[in-house]
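Thanks for making time this morning.

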Amino acid sequence: MTTTIVRIASLVLGGCIAASMLPTPVFAVGGGGGGGAGTPTCKKGQIYDKRSKQCVRQQSANVTDENRTDYAYSLAKAGRYEEALAMLDTVKDQNNAEVLNYRGYATRKLGRTDEGISYYLQSVKLDPQYAKVREYLGEAYVVKGRVDLAKEQLNMIKAICGTGCEEYQDLNAVILDPSKI
């Protein structure tokens, strides 16, 4: 009987060890709206493929631009800014409001606020009704000490989605208390 218990315990332990070695997505911290909220993040060199619901090699030709954009945002929200920028570099359509917004977000978080603002402004030109880019642009203005410009973005967000939307509430909180950035 003891031999049987030892064999079963060995099988269970071996199975646990084997399962721990499989590529497992790690869920990104944060959310904040946007396409990438809730998208898992994978090991470096991999991307989460929404169709197969698993991590695949980054160079996979089957992964869409939308998938790459969402994944880049997840990386950025997880604090992996350089990886997010590298992922955005793989997107075919670089003249896209979301791509430019997420590039702005990652560069701003790397401390390159002016560069981030330039990406945000390009995104706003492409889609003036995109509330998320206006929130991030407003946050960048707060970082620069330009609360007046941040309030302009807050008013634009209010016109787009009202005072109840997440973008309005998040930017308003940052304007009231810049330590929340």
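Let me begin with what I call a ring pair: rings of Phe, Tyr and Trp (its six-membered ring) pair if their centres lie within 6.5 Å, and planes under 30 degrees apart count as stacked, over 60 as edge-to-face and the rest as tilted. With that in hand, ring pairs link Tyr73, Tyr102, Tyr105, Tyr120 and Tyr136 into a cluster.

Please keep in mind that this is a predicted model, in which local features need pLDDT of at least 70 and side-chain atom pairs count only at pLDDT 80 or more, while totals for chains, interfaces and linings use all residues. Residues are numbered from 1 along each chain as its sequence is written, and side-chain values use heavy atoms, with hydrogens and water left out.

How many aromatic pairs does a search of the whole structure find? The search finds four. One of them joins tyrosine 73 and tyrosine 102, which is stacked because the ring centres are 4.3 Å apart and the planes lie at 20°. This pair links distant parts of the chain, with tyrosine 73 in helix α2 (residues 65-77) and tyrosine 102 in helix α4, 29 residues apart; helices here are DSSP runs (H or I, at least four residues), numbered from the N terminus. Tyrosine 73 has 0% relative accessibility and so counts as buried, which means under 20% relative accessible area, with a 1.4 Å probe and protein chains only. Tyrosine 102, at 1%, counts as buried too.

The rings of tyrosine 120 and tyrosine 136 have centres 6.4 Å apart and planes at 40°, so that pair is tilted. Here tyrosine 120 belongs to helix α5 (residues 113-126) and tyrosine 136 to helix α6, 16 residues apart, and both are buried.

Now to asparagine 101, which is found in helix α4 (residues 97-109). Is this residue buried or exposed? Asparagine 101 counts as buried, because its relative accessibility is 0%. Leaving aside neighbours within four places in sequence, asparagine 101 is in contact (heavy atoms within 4.5 Å) with Tyr120, Ser123, Tyr130, Lys132, Val133 and Tyr136.

Finally, helix α8 (residues 166-176) has Glu167, Tyr168, Leu171, Val174 and Ile175 as its buried residues. They cover an arc of only 135° around the axis, which puts them on the same side of α8; the arc is that of the directions from the helix axis to the C-beta atoms. The buried residues of α8 pack against α6 (131-143) and α7 (147-161).

Conventions
Helix = DSSP H or I, 4+ residues; strand = E, 2+ residues; numbered from the N terminus. Buried < 20%, exposed > 50% of the residue type's maximum accessible area, 1.4 Å probe, protein only.
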